[in-house]
Amino acid sequence: FKILLLIKYVIFKYIVFDNIRINIPAYFEWNPGTSANLRVSIISPEDYPTAQKIVQHWEDQATHAIHNCRRETADCLDRFQDCAWVAGFAKQTMQGATPGDGTEVHLCLQGNKPQGIATLTTSPLYEDHYLYMKDLVSNPENIPCSANQSMRIRGTGTALIGSSVQRSKELGAKGVCVAPTPNAKAFYEKLGFEAKEGSFLLFKE
């Protein structure tokens with residue numbers, strides 16, 4: 001299993017990562033105060049298959065970490081579990097997207113390396129007022145754990161939320177709606193999201 005995962009990683013790193021160097025104009029730029037200057041681009045449906053390969057790779061990485069990082073804290077393992085779970089949903093969202101259905105995919109890059117992906121429903125708006133963020137997944141290398149200290153990039157989630165909020169303004173929406181996992185709820189609340197009903201959180205302009 002480990003050998004198979006290593007082969008998949010090498011193929012992905014040197015084929016898919018090279019192919020992601022698409023000349024997409026930056027829609028949103030974010031500098032979290034470190035050397036990691038991040039940019040977010042809204043990719044076209046033609047690039048969804050590549051994005052699906054990216055999140056599949058992240059799902060595989062996170063699943064591998066769950067089974068091989070037993071020395072990590074329970075909180076860290078929960079984050080890997082969330083990453084694998086949301087990556088799977090993001091892949092399904094892109095696979096099921098059709099032209100004109102209101103799906104948008106925001107890709108966060110540091111240089112040419114993918115660091116995060118968010119899928120949004122821009123039409124119809126949630127309760128006719130809010131842009132709905134269906135999935136937000138970050139490269140599992142950014143999850144805080146002992147194995148990631150040297151490669152971790154901070155600010156990916158914030159950058160993707162920033163691009164989503166900017167997009168909601170363009171659409172005339174009141175803000176952004178999310179339904180986060182229990183582990184991610186505090187992250188969204190820290191950025192200004194407030195409870196609405198059930199598991200939904202809203203960010204109001």
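Which residues are linked with E104 in a network of salt bridges? R167 and E170 are linked with E104 in that network. A salt bridge here is a side-chain nitrogen of Lys or Arg within 4 Å of a carboxyl oxygen of Asp or Glu, and by this rule the count comes to four. The structure is a predicted model, in which local features need pLDDT of at least 70, side-chain atom pairs count only at pLDDT 80 or more, and totals for chains, interfaces and linings use all residues. Residues are numbered from 1 along each chain as its sequence is written, and side-chain values use heavy atoms, with hydrogens and water left out.

**Salt bridges**

- E104 and R167 meet through their side chains at 2.7 Å, N to O.
- E104 lies in strand β3 (residues 103-110) and R167 in helix α4 (residues 156-170), 63 residues apart.
- E104 is buried (under 20% relative accessible area; exposed is over 50%, partly exposed in between, with a 1.4 Å probe and protein chains only), at 10%.
- R167 is also buried, at 16%.
- K113 and E141 form a salt bridge at 2.7 Å, N to O.
- K113 is partly exposed at 27% relative accessible area, whereas E141 is buried at 9%.

**Helices α2 and α3**

- Helix α2 (residues 48-68) packs with helix α3 (residues 74-96) at an angle of about 155°, and their axes are 8 Å apart.
- This makes α2 roughly antiparallel to α3 (angles over 145 degrees count as roughly antiparallel).
- K91 in helix α3 and E59 in helix α2 are 32 residues apart, and their side chains meet in a salt bridge of 3.6 Å, N to O.

Technical notes. Axes fitted to C-alpha atoms, helices over the stretch in contact; angles between N-to-C directions. Helix = DSSP H or I, 4+ residues; strand = E, 2+ residues; numbered from the N terminus. Parallel < 35°, antiparallel > 145°, perpendicular 65-115°, else oblique.
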